[in-house]
Amino acid sequence: MGIQKIGRVNVSDAVMDEIKRLISSGEWPADSKIPSENELASMMGVSRVSIRSALQKLSSVGLIESRHGEGTFVSKLDGGQVMNMLLPVAVLTYDNQKYMVEFRRVIESEQAYLAALRITQEELNLLKENYSKMQKVDSLSQACSELDVEFHMLVAKASKNPMFIQTSNILRDTILDNILYVRKYTEENQAFTYHRRIIDALEQRDAPAAKEAMYEHLERLWELIQEDS
């Protein structure tokens with residue numbers, strides 16, 4: 001079994017990451033029994049306390065489950081659930097932040113295009129409410145970033161494409177991290193200006209205009225990051 005030794009820094013979290021790796025790689029498939037605490041402690045070169053703490057965290061999110069009298073097993077989950085649990089809440093590097101903006105630029109512009117064709121009045125009202133709330137908070141605050149990511153999640157939902165919706169939900173925390181990172185490069189009221197353009201295009205059911213506004217929104221973020229490099 002390809003278990004790696006764990007160092008002494010953040011031992012419990014390192015153990016948890018190693019177990020996640022074993023599950024995501026398929027070395028520990030769904031419904032397979034995992035080694036005991038003693039066995040894991042010996043294999044990884046750490047204490048049982050660290051093993052127990054990591055297993056408790058993994059159990060709390062449903063990645064593993066204890067069965068009375070049998071031991072601990074890898075849970076049976078669908079692909080989306082596994083991705084959601086295994087995807088790291090990114091502390092992304094500078095280069096990865098650029099790549100994330102590039103990824104969002106392509107994906108979210110298409111989401112906006114489809115949203116213009118399929119959005120309901122209720123969804124449009126939620127976007128307008130979100131826009132109104134954003135205008136009332138500090139543009140550099142955590143609250144503004146939370147509202148910003150909510151705006152993009154609402155557009156994804158309005159696309160009615162389950163693949164876009166699932167991907168956006170899985171990446172939500174990573175997108176929030178990306179928004180927090182690029183916020184320092186953002187020009188005054190930039191998000192407000194583009195969000196207003198996107199809402200107007202969606203309300204007019206103008207798919208090309210919605211796609212263009214979203215693309216330009218994220219393109220400008222990419223340019224600002226590039227200018228600072």
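Predicted model: local features only at pLDDT ≥ 70, side-chain atom pairs only at ≥ 80, totals over all residues.
Reader: At what angle do the axes of α7 and α9 cross?

Author: They cross at roughly 130 degrees, and the axes come within 9 Å. The two helices are therefore oblique to each other. The crossing of α7 past α9 is right-handed.

Reader: How do α6 and α7 cross, and how are they placed to each other?

Author: The axes of α6 and α7 come within 10 Å and cross at roughly 165 degrees. An angle over 145 degrees counts as roughly antiparallel, so α6 and α7 are roughly antiparallel to each other. Their crossing is left-handed.

Reader: Which residues make the contact of α6 with α7?

Author: On the α6 side they are Glu123, Leu126, Leu127, Asn130, Lys133 and Met134. On the α7 side they include Cys144, Leu147, Phe151, Leu154 and Val155. By class, this contact has 9 nonpolar, 1 polar and 5 charged residues.

Reader: What is in the largest nonpolar core, and which residues have the most contacts inside it?

Author: The general idea is simple. In soluble globular proteins, nonpolar side chains tend to be buried together. Here the largest nonpolar core has 32 residues, and Leu127, Val155 and Leu202 have the most contacts inside it. At least two residues of this core come from each of α5 (94-118), α6 (121-135), α7 (142-158), α9 (172-182), α10 (190-203) and α11 (207-228). α11 gives the largest share, 8 residues.

Reader: What does Val155 touch, beyond its neighbours within four places in sequence?

Author: Val155 is in contact with Gln111, Ala112, Ala115, Leu127 and Met214.

Reader: Which residues are among those of the other core?

Author: That core lies apart from the largest one and has 19 residues, including Val11, Ile23, Ile51 and Leu55.

Reader: Where is Ala41, and is it buried or exposed?

Author: To read burial, compare the relative accessible area with the cut-off: under 20% is buried. Ala41 sits in helix α2 (residues 37-44). Its relative accessible area is 11%, so Ala41 is buried. Not counting residues up to four places away in sequence, Ala41 touches Val46, Ser47, Arg48 and Ile51. Ala41 and Val15 are 26 residues apart along the chain, and their C-alpha atoms are separated by 9.4 Å.

Reader: In which helix does Ser109 lie, and is Ser109 buried or exposed?

Author: Ser109 lies in helix α5. Ser109 counts as buried because its relative accessibility is 3%. With residues up to four places away left out, Ser109 touches Arg104, Lys211, Met214 and Tyr215. Met214 is also in contact with Val155.

Definitions and conventions:
Residues numbered from 1 in each chain as written. Heavy atoms only, no water. Core = buried A, V, L, I, M, F, W, Y, C linked by side-chain atoms within 4.5 Å. Buried < 20%, exposed > 50% of the residue type's maximum accessible area, 1.4 Å probe, protein only. Helix = DSSP H or I, 4+ residues; strand = E, 2+ residues; numbered from the N terminus. Contact = heavy atoms within 4.5 Å. Axes fitted to C-alpha atoms, helices over the stretch in contact; angles between N-to-C directions. Parallel < 35°, antiparallel > 145°, perpendicular 65-115°, else oblique. Left-handed = near helix turned anticlockwise from the far one by under 90°. Nonpolar A, V, L, I, M, F, W, Y, C, P; charged D, E, K, R; others polar.
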